[in-house]
Amino acid sequence: MKKQGFTAVSPIKKIKVLLAEDQMKFRKSLRLLVELDGDIEVVGEAKNGREAVQLASSLRPDVIVMDITMPLLNGLQATEQIIAKFPATKVLILSAHLDSEYIMQAVVFGASGYLIKQSSAHVLANAVREVLKGNSFFCAPIAKPLRDKCRKVFGQSVLLKKKAARTTPTD
């Protein structure tokens, strides 16, 4: 009997994610939630910032979900080091901190997005996909303080430029 020809279906390339979170129970729960979506695979787990930097080097994940408050090296410092070494790697901050200073520092250090720990698994999975595409992702409770901070910073910049334009002597 002759077999009918089948074309091999190539498996969907999974998004490789590294979780960096010091609280083991939360990290394990996060892993289960993230892997519910078939297109995301957790390739490693780090319990501190230093380990996150080491695992980023050895595992080369597509996206790192990073807590801020961790021992040995905090998530912001780890993000800065990882982005400096591996600019194609996307870092998504997942933190309990809602303070706009943390959010701004995360952006300055190279994070592609920022979520609060109360975010749903669906929001987290969407955020992973979006930052991998090169987009930024900020959950709703983060977007407002970020917008307000940007308005303040940009508003001051515009006011300074207007003031400078009025006081600049003309030839």
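**Charged pairs and burial**

Modeller: Let us begin with Glu45, which forms a salt bridge with Lys28, the closest N and O atoms lying 3.1 Å apart. The two belong to distant parts of the chain, with Glu45 in strand β2 (residues 40–46) and Lys28 in helix α1, 17 residues apart. Helices (H or I, at least four residues) and strands (E, at least two) are DSSP runs, numbered from the N terminus. This is a predicted model, in which local features need pLDDT of at least 70 and side-chain atom pairs count only at pLDDT 80 or more, while totals for chains, interfaces and linings use all residues. Residues are numbered from 1 along each chain as its sequence is written, and side-chain values use heavy atoms, with hydrogens and water left out.

Colleague: Why is the pair of Glu45 and Lys28 called a salt bridge?

Modeller: A salt bridge is a side-chain nitrogen of Lys or Arg within 4 Å of a carboxyl oxygen of Asp or Glu. The closest N and O atoms of Lys28 and Glu45 are 3.1 Å apart, so the pair qualifies. The structure holds ten salt bridges.

Colleague: What makes Glu45 count as buried, and Lys28 as partly exposed?

Modeller: Buried means under 20% relative accessible area, exposed over 50%, and partly exposed in between (1.4 Å probe, protein chains only). Glu45 has 15% relative accessibility and therefore counts as buried, whereas Lys28, at 41%, counts as partly exposed.

Colleague: Which parts does the salt bridge between Glu45 and Arg31 tie together?

Modeller: The side chains of Glu45 and Arg31 meet at 2.6 Å, N to O. Because Glu45 lies in strand β2 and Arg31 in helix α1, this pair ties together parts 14 residues apart in sequence. Arg31 counts as partly exposed because its relative accessibility is 26%.

Colleague: Where do Lys117 and Asp67 lie?

Modeller: Lys117 forms a salt bridge with Asp67, with 3.4 Å between the closest N and O atoms. Lys117 is in the loop between β5 (113–116) and α5 (121–132), and Asp67 is in the loop between β3 (63–66) and α3 (75–85), 50 residues apart. Both residues are buried.

Colleague: How do you know that Glu21 is buried?

Modeller: Glu21 counts as buried because its relative accessibility is 2%. Glu21 is placed in the loop between β1 (15–20) and α1 (24–34).
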